[in-house]
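Subject: Structure handover

Hi,

Here is the structure for you to look over. My notes on what turned up follow below it.

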Amino acid sequence: MQIGIPRVLSFFYYYPFYKTFLESLGCSVRLSPPTSAKTLDRLSICPTDEPCISVKLAFPHTAALVEAGVERLFIPTLTSADRYSYYCPKHIGLPAMLRNGLELPPEMILSPVLDWREQPRRSCESFVAVGRRCGASAEAARNAFFKAWRFQNYFQQKMAAEKWLYPEALERLVGVKMFRRNRPYNPQADFCGALRVGVVGHSYILYDYVAHNLVERLREHATVLVPEMVPRRALSRALSAVPYGRELWSFEQVIAGSALYWLEDSLIDALILVSPFECGPEAVVEVFLEREAERRRIPFLILTVDEQSGEAGLVTRMEAFLDTVSGSAAQRGGAAAAKNKTLSSTPARFMPPSLPVKRLLGFPNLGRLGAALATLFNADRERAIAPLPVTKRTVELGAELAPEFMCYPLAVTIGQMREYLEAGANTLVMVGGKGRCRLGWYAELQETLLKRAGYDFEMITIHSPLPLNKNFRPFAALVGRLLEDRPASKIISNAWLAYRKAVYLEAAEKLLYKLRAREKERGGADRAYRVFEAELAEATSLRAMQKSFQRFQEYCRTAPRVEGPPPLRVRLIGEIYAVLENFVNHDLARALGSLNEIRIEVETEITVLNWLRYNIFHTP
Ligand code: SF4
């Protein structure tokens with residue numbers, strides 16, 4: 001059976017594994033042709049303009065294989081590379097995107113799942129299932145899987161030990177010829193081996209057409225280090241020095257870990273990040289690396305590429321950067337001489353803030369959750385600023401500081417934080433919880449961006465206390481820092497009150513949606529809900545909450561309703577922040593529920609409590 005593998009994305013990491021697996025099953029492998037100007041001309045077959053260039057490229061590559069008549073396509077679903085991290089969601093969704101976007105029959109794509117985090121056993125089994133579809137026995141498929149995995153590990157170790165680029169290793173160990181130019185790009189280039197430049201980025205960008213052979217060009221000027229040259233152990237060591245560093249997205253771990261390792265050990269004179277447009281995960285890493293390079297006074301260049309990036313512009317920026325770097329590296333005496341000097345060079349604005357004795361907390365609000373958060377942090381009404389609503393100004397303030405490719409919720413929450421800081425907060429509270437979404441890294445990013453803008457405050461990030469054996473101590477220490485001199489009993493009772501408020505708010509919202517769709521006097525349900533909300537915000541005991549909920553319940557039960565057919569039920573789905581924050585979604589639930597022409601009952605499973613259950617308490 002001939003199986004096609006598109007020369008994009010995970011090809012630039014796992015091709016040795018894929019090829020060994022398929023050939024061990026007796027299949028022949030066909031690669032799509034390397035990306036060229038012709039491939040870029042066909043990008044329009046990607047049904048949307050939204051994704052990054054790497055995902056867009058997957059469409060013409062896959063289409064080329066289908067046109068060449070391959071019997072099956074091999075496009076694994078990359079979910080997680082280890083116990084800690086996830087791949088970017090686009091790797092998780094790639095097979096489905098291609099199947100739907102190119103209207104391929106479901107059986108055309110062989111898509112085993114690599115998920116070492118949640119379902120390690122399933123990973124092997126899904127490869128075995130693919131092996132069976134290719135005509136191999138279960139045992140032969142299992143053997144092929146382990147053989148391929150062993151080869152992938154050998155390949156990576158060899159690449160790190162020999163200091164090969166991925167294309168070099170692919171050529172030597174797997175026999176795939178990658179583009180190699182046999183004459184210099186710049187015959188006048190002045191090679192300086194003592195100048196060490198670290199280049200990070202996704203391999204599928206660094207070595208694909210869109211980067212215009214940047215790494216090869218750089219090698220004409222300096223000694224170039226790339227992530228695949230960093231041994232796995234060094235990567236892990238560098239990442240474990242960063243809070244939750246192991247929980248970055250899998251490929252971003254490699255990017256951040258390599259850069260940190262070089263910076264920490266003073267192995268480079270300059271750092272270049274090659275980043276695709278529209279890449280959210282890399283936008284997080286970018287802010288983080290910029291801060292780390294700045295702290296060590298290492299020149300840092302970000303080169304952003306996409307299908308429009310011209311070769312000349314890229315090369316000019318690279319060469320101009322190298323000119324500056326050579327001068328400053330010579331002054332410093334090169335990377336080795338910079339060792340031990342760097343940490344003391346932290347600019348003043350990154351110094352730990354000098355806090356007044358008393359904390360004044362600010363916490364980004366989300367939808368109707370403000371009352372519950374206020375109870376948690378502000379039971380004595382002196383320690384936290386009352387929840388501030390999201391407004392147009394909030395969004396504008398956030399957009400001023402948010403990086404271009406970060407999502408809208410990041411911009412809005414930065415805007416909220418600025419408003420709290422302007423209102424006098426000296427401590428900001430944000431949730432963590434690393435998963436598939438970037439949210440878990442927001443706190444770190446927001447802290448960096450706000451401090452860079454000159455704000456002086458402390459950021460406290462609340463991560464899950466689970467599993468208790470690992471996380472309870474740091475969680476308890478953090479709660480202690482947050483609530484300072486308050487007795488534990490008070491903290492526990494506040495937390496319980498806050499939780500119950502959130503439960504009542506969600507229950508009341510469901511009743512509100514039901515009644516809105518049926519009430520005779522339009523607007524009555526909303527008025528009753530506002531009264532309930534105000535009472536709940538003031539309530540300081542479980543009894544008071546219960547009473548006010550019962551009053552609202554009673555109103556909903558007895559309010560006059562219209563006769564006629566049952567309302568249309570519409571479920572709101574989407575990104576949690578957009579669904580829950582009414583300013584962001586233009587109060588969609590109310591707009592739908594208040595229509596006169598048609599009665600609509602809105603439903604949603606996306607709630608803050610469900611998010612907490614899944615992300616913080618892991619009880620899906
Ligand atoms: S990590 Fe960035 S470049 Fe890679 S697939 Fe995701 S969005 Fe695209």
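**Helix α16 and other findings**

On helix α16, the face turned away from the buried side carries the exposed residues Lys-392 and Glu-400. Buried means under 20% relative accessible area, exposed over 50%, and partly exposed in between (1.4 Å probe, protein chains only). Helices (H or I, at least four residues) and strands (E, at least two) are DSSP runs, numbered from the N terminus.

Two notes on the source. This is a predicted model: local features need pLDDT of at least 70, side-chain atom pairs count only at pLDDT 80 or more, and totals for chains, interfaces and linings use all residues. Residues are numbered from 1 along each chain as its sequence is written, and side-chain values use heavy atoms, with hydrogens and water left out.

Back to α16, which spans residues 392-401. Its buried residues are Thr-394, Val-395, Leu-397, Gly-398 and Leu-401. Seen down the helix axis, they fall within an arc of 165°, so they line one face of α16. That arc is taken from the directions from the axis to the C-beta atoms.

Next, the sheet. Three strands form an open sheet in the order β11-β12-β13, with parallel pairing. Two strands pair if DSSP finds at least two bridges between them. The edge strands, β11 (361-362) and β13 (458-462), each pair on one side only. Helix α17 (residues 408-422) packs on the sheet and touches β11, β12 and β13. Contact here means heavy atoms within 4.5 Å. Two bridges join β11 to β12 (residues 427-431). Leu-361 has Thr-427 as its bridge partner in β12.

Now the salt bridges. The rule is a side-chain nitrogen of Lys or Arg within 4 Å of a carboxyl oxygen of Asp or Glu. The count comes to 30 salt bridges.

- Glu-162 pairs with Lys-158, closest N and O atoms 3.2 Å apart. Both lie in helix α6 (residues 138-162), four residues apart.
- Lys-451 pairs with Glu-447 at 2.8 Å between the closest N and O atoms. Lys-451 is buried, at 10% relative accessible area. Glu-447 is partly exposed, at 23%.
- Arg-527 pairs with Glu-521, closest N and O atoms 2.3 Å apart. Arg-527 is partly exposed, at 41%. Glu-521 is partly exposed too, at 49%.
- Glu-264, Arg-291, Glu-292, Arg-295, Arg-296 and Glu-444 are linked in a network of salt bridges.

Last, Ser-85. Ser-85 sits in the loop between β4 (77-80) and α4 (89-101). Its relative accessibility is 0%, so Ser-85 counts as buried.

Best wishes

Conventions: Axes fitted to C-alpha atoms, helices over the stretch in contact; angles between N-to-C directions.
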